[in-house]
Amino acid sequence: MDISCVFGNRLQPIILTHPPFNFIPHVSSTTSTAVPSESHFQHTNVSTKHTQTSPLSFKTRQTDAILDIQHSSDLGSALTRSGGILRVEDLNTVLRHFGKSQKLKELSQLFAWMQRTRKISIASYSSYIKLMGKSLSPVEALKIYDSIKDESTRNHVSVCNSVLSCLVRSGKYDSSVKLFHQMKRNGLNPDIVTYSTLLVGCSKIRNGYSKALDLVQELKYNGLIMDSVTYGILLNICASNNRCEEAEKYFKNMNDEGHTPNVFHYGSLINAYSAKGNYKKADELIVNMKDAGLVPNKVILTSLLKVYVKGGLFDKARELLNDLEALGYAQNEIPYCILMDGLAKAGHIQEAKSVFDEMNEKHVKSDGYSKGHQPEEELCSSLIFHLGRTGAHSQAFSIYNILRYGKRTMCKTHHEKILHILMDGKLLKDAYVVVKDNARSIPRPTIKKFAASFIKFGNINLINDVMKVIHSSGYKIDQGLFEMAISRYIDQPEKKDLLLQLLQWMPGQGYVVDSSTRNLLLKNSKLFGAQQIAETLSKQHIFSKAPRSGEMKDK
DNA sequence: ATAGGGTTAG
């Protein structure tokens, strides 16, 4: 079989890295385990002193040899010293041990030694490919597979299944399907492990549900029997694709076929119910689960919380959250987030806020499930969104501030979002604070909208400050805004000083009033003292001419 | 002897 079909080009055989020894993998499923133990000694230089004088039993010496190889600081000499006494099965155990403890160097060194001394079996290849695929790139695992020259090893189901799982694990669904077809073309009979592996692939892709159904049909057609693992994967797929009835059907089938469901099977089914908020069925399932002697764990109860929230049973959900707290299952933000978000969406803003406050009081932490995510921030942002949408502008702002002054870094887009909410709520002074601190992270159109609304409706005493702040953030103030500001001052002539201040500030920053604003000012100049206005405007005029004459001089 | 699953968060 040629794996190159999977990536389209022929992969470099691994042989190149270990030149003279591993050409002929001298492996077949029959010879590997049938090697008589005495023959091991001809491959290595086992210390004669050890083998002859040791009073220990052969079994004990094997155990010692395993420990020697697992813990030696020099694997090469440990293998020379202790490798000979061991059977292939023992070496496979050590191989898996190195894989489990992430000792990659030792893992490949031992495998190379096993190839060289031909103490290697199908199981060694299956394990090695699986372990390498877990920690290294799948390409590396494929190279290993490609380097296998022995047909019966290459075409072995468990070896192929290992490669399949490497592909699936690294998200290469299409490649895994290609390999699957190649396997069948080579006359290999896929087994239930093959199908389960491919089903896992279906659970990781979009629209995997119908592909999963095809595979189930095919495996049944081939006379294979679904087991509890296969059912587990299928239930998972149903739950995440909103296929509640189908999940129920598979759950029933597996029971009928004599497979006892575990917490994960129950969990998937509850999860399927949670999408629809089917609390009656979920409650019933929890009862069945307890009757079966299983204890609902944190994940199951959290899913149940989701069911209640989705079903609108907020009192029951609140009660369940208390239970979760009592059980120590509410140490991360997830359950609070579920309830809060449900409340916020249903318009129960005050209740959502109180759950939020409670969560903060309890110093709930992120527990690593969030993998680099910032769920606390996400839930805040969701709450801010819902609070803003339902008109609770100042509450939204208080949550923004918790985020802002919390230790976490926050996403720049929050500034813009809260700004819109504050403007909707006419909380312009708060909006001003947000702009002042974050002007550079806010897009120009939003700045413009803010400035316009502040100039029209904000505190008149702060208009000039707003102008200065947005200007120094790099925003070029347009005539429309100046005109609005000046009209506002004209409406309140007692703020004449502020108007003059603005007019005097403008030319220094390269701004001049346009002719219509100028006329507006002159028309109303008696309100402010015609003399002063005229003087200030003429200064602007001089400034406006100055840069142009400067340009001329340069030429 | 080897290969396949494991969950919560719009």
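Is Phe111 buried or exposed? Phe111 counts as buried, at 3% relative accessibility. The close-ups below start from this residue; the model is predicted.

**View 1. Phe111 and Tyr128 form a stacked aromatic pair.** The structure holds nine aromatic pairs. In this one, the ring centres of Phe111 and Tyr128 are 3.8 Å apart, with 10 degrees between the planes. Phe111 belongs to helix 7 (residues 104-116) and Tyr128 to helix 8 (residues 122-135), so the pair ties together parts 17 residues apart in sequence. Tyr128 has 4% relative accessibility and counts as buried.

**View 2. Phe251 and Tyr266 form an edge-to-face pair.** The planes of the two rings stand at 65 degrees, so the pair of Phe251 and Tyr266 is edge-to-face; the ring centres are 5.3 Å apart. Distant parts of the chain are linked here: Phe251 lies in helix 16 (residues 244-256) and Tyr266 in helix 17 (residues 263-276), 15 residues apart. Phe251 counts as buried at 10% relative accessibility. Tyr266 counts as buried at 6%.

**View 3. The charged end of Arg154 sits over the ring of Tyr145.** From the centre of the Tyr145 ring, the charged end of Arg154 is 4.9 Å away.

**View 4. The charged end of Lys249 sits over the ring of Tyr250.** Here the distance from the charged end of Lys249 to the centre of the Tyr250 ring is 4.7 Å.

**View 5. Lys316 and Asp283 form a salt bridge between helices.** The closest N and O atoms of Lys316 and Asp283 are 2.8 Å apart. Lys316 is partly exposed, with a relative accessible area of 35%. Asp283 is also partly exposed, at 21%.

**View 6. Arg87, Glu89 and Asp90 belong to one salt-bridge network.** The structure has 12 salt bridges. Two of them share Arg87. The side chain of Arg87 meets that of Glu89 at 3.6 Å, N to O. Arg87 also meets Asp90, at 2.9 Å, N to O. What is the relative accessibility of Asp90? Asp90 has 8%, and so counts as buried. Arg87 is partly exposed, with a relative accessible area of 29%. Glu89 is partly exposed as well, at 33%.

How values were computed
Residues are numbered from 1 along each chain as its sequence is written. Chains are lettered from A and ligands numbered from 1 in the order in which they are written. This is a predicted model: local features need pLDDT of at least 70, side-chain atom pairs count only at pLDDT 80 or more; totals for chains, interfaces and linings use all residues. Side-chain values use heavy atoms; hydrogens and water are left out. Rings of Phe, Tyr and Trp (its six-membered ring) pair if their centres lie within 6.5 Å; planes under 30 degrees apart count as stacked, over 60 as edge-to-face and the rest as tilted. Helices (H or I, at least four residues) and strands (E, at least two) are DSSP runs, numbered from the N terminus. Buried means under 20% relative accessible area, exposed over 50%, partly exposed in between (1.4 Å probe, protein chains only). A charge sits over a ring if NZ of Lys or CZ of Arg is within 6 Å of the ring centre and within 35 degrees of the ring normal. A salt bridge is a side-chain nitrogen of Lys or Arg within 4 Å of a carboxyl oxygen of Asp or Glu.
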